[in-house]
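The sequence and the model come first, and the description follows.

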Amino acid sequence: MKRIIIGLLGGLVFLASSVTIGLIVREYITDERSKARYKIEPFTFDEREGNASIERLYEVVDSPPYREIPGVTVTHVFSTGEGDEVRATTYSDYVSAMNDGGTTGYERMYAVDGNTVSLKEEFDRDQMILAVNGEFVSSFPKQINLEDSVDMRYGNVGLVRKTDRDSGKGETIMVGQRGPESWEVFTVDPEGDVMRESIPSIKELRRDPETVRVINHSGAHRESIGYHTQLTEGLPVFSFPVFFPLITFVVSGGMVYGLVRKRVAWTS
């Protein structure tokens, strides 16, 4: 009876460990396939020093260094109550303008592929405006994440660059979060045409691995989203995945194998 109980427990642990390992491997394979097809870059600013230019965008190769993304520039313009415009070119300029009581609004304009993609806000309103080439695209509730950060100012809106590795064709993608698990994705092609896609749930999102990567890189969600499950999205610790499922897989597998061998020996 004791051997039967041990065997059942070992079998259950082995099954749970095997399924979990399978899910982890599935996440890894999906990630590698997506990366092989598309390069997806977040639009990152350099905020390491006060005099760093915020009119250039960078890819974080390692943290640091940064690698400049060619062909993309950004203009930062603050409006004042007197109707004047103040352009910020460095991180220090940006912080000063944000904390200046005389400024009433802020617009960030990305110049990419001959198009201008902009995010605009008025400080006394709770709305943000998304526009392409001066034409209104959509508006979102304004969710300020970090007041003095260029990169992380907005918690629910972000931009990325998606490039097909085979053709070299690139697209600028704007992401806006509508709800805890719903988004709108706006893809701007080199001709300036905008394609809008509504994603009502994480289940719907997970139908397309590239869109999962786009939203993760855009910052329009507070935590990383897995392709099929959230199993691999937390920070690794000894308890997961080292102890479970790896060590439990080996130990429980050994237990089951040993009991099976004994059973065969008794019946032969």
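Rings of Phe, Tyr and Trp (for Trp, its six-membered ring) are taken as a pair if their centres lie within 6.5 Å. In this predicted model, Phe-78, Tyr-91, Tyr-94 and Tyr-106 form one aromatic cluster, and a search of the whole structure finds 8 aromatic pairs.

**Aromatic pairs and charges over rings**

One of these pairs joins Phe-14 and Phe-249, whose planes lie at 20 degrees with the ring centres 5.1 Å apart, so the pair is stacked. Because Phe-14 belongs to helix α1 (residues 2–37) and Phe-249 to helix α5 (residues 242–267), the pair ties together parts that are 235 residues apart in sequence. Phe-14 counts as partly exposed, at 29% relative accessibility, and Phe-249 is likewise partly exposed, with a relative accessible area of 32%.

The pair of Phe-140 and Phe-186, by contrast, is edge-to-face, and both Phe-140 and Phe-186 are buried. Since Phe-140 lies in strand β8 and Phe-186 in strand β11, this pair ties together parts that are 46 residues apart in sequence. The geometry of the two pairs is set out below.

| Aromatic pair | Centre to centre | Angle between planes | Class |
|---|---|---|---|
| Phe-14 and Phe-249 | 5.1 Å | 20 degrees | stacked |
| Phe-140 and Phe-186 | 6.3 Å | 85 degrees | edge-to-face |

Phe-140 also has a charged neighbour, for Arg-178 lies over its face, at 3.9 Å from the ring centre.

**The nonpolar cores**

The largest nonpolar core has 30 residues, of which Leu-57, Tyr-94, Tyr-110, Val-117, Leu-119 and Met-174 touch the most other members. Two or more residues of this core come from each of β3 (66–80), α2 (91–98), β5 (103–112), β6 (115–122), β7 (127–132), β8 (135–141), β9 (157–164) and β11 (182–188). If residues up to four places away in sequence are left aside, Leu-119 touches Tyr-106, Glu-107, Arg-108, Tyr-110, Met-128, Ile-129, Leu-130, Tyr-154, Val-157 and Leu-159. A second, separate core of 16 residues includes Ile-40, Val-160, Leu-205 and Ile-225.

**Strand β9 and its partners**

Strand β9 is largely enclosed by the rest of the structure, because 7 of its 8 residues are buried. It pairs in the antiparallel sense with strand β1 (residues 38–42) over 5 bridges, and Arg-161 of β9 is the bridge partner of Glu-41. The pairing of β9 with strand β10 (residues 170–179) is also antiparallel and runs over 7 bridges, with Leu-159 standing opposite Met-174 in β10. In the hairpin of β9 and β10, there are 5 residues between the strands, and Gly-168 takes a positive phi near 80 degrees.

Not counting residues up to four places away in sequence, the contacts of Thr-20 are Leu-231, Phe-240, Phe-244 and Pro-245.

Definitions and conventions. Residues numbered from 1 in each chain as written. Predicted model: local features only at pLDDT ≥ 70, side-chain atom pairs only at ≥ 80, totals over all residues. Heavy atoms only, no water. Core = buried A, V, L, I, M, F, W, Y, C linked by side-chain atoms within 4.5 Å. Buried < 20%, exposed > 50% of the residue type's maximum accessible area, 1.4 Å probe, protein only. Helix = DSSP H or I, 4+ residues; strand = E, 2+ residues; numbered from the N terminus. Contact = heavy atoms within 4.5 Å. Pairing = 2+ DSSP bridges. Phe/Tyr/Trp six-rings, centres within 6.5 Å; stacked < 30°, edge-to-face > 60°. Lys NZ or Arg CZ within 6 Å of the ring centre and 35° of its normal.
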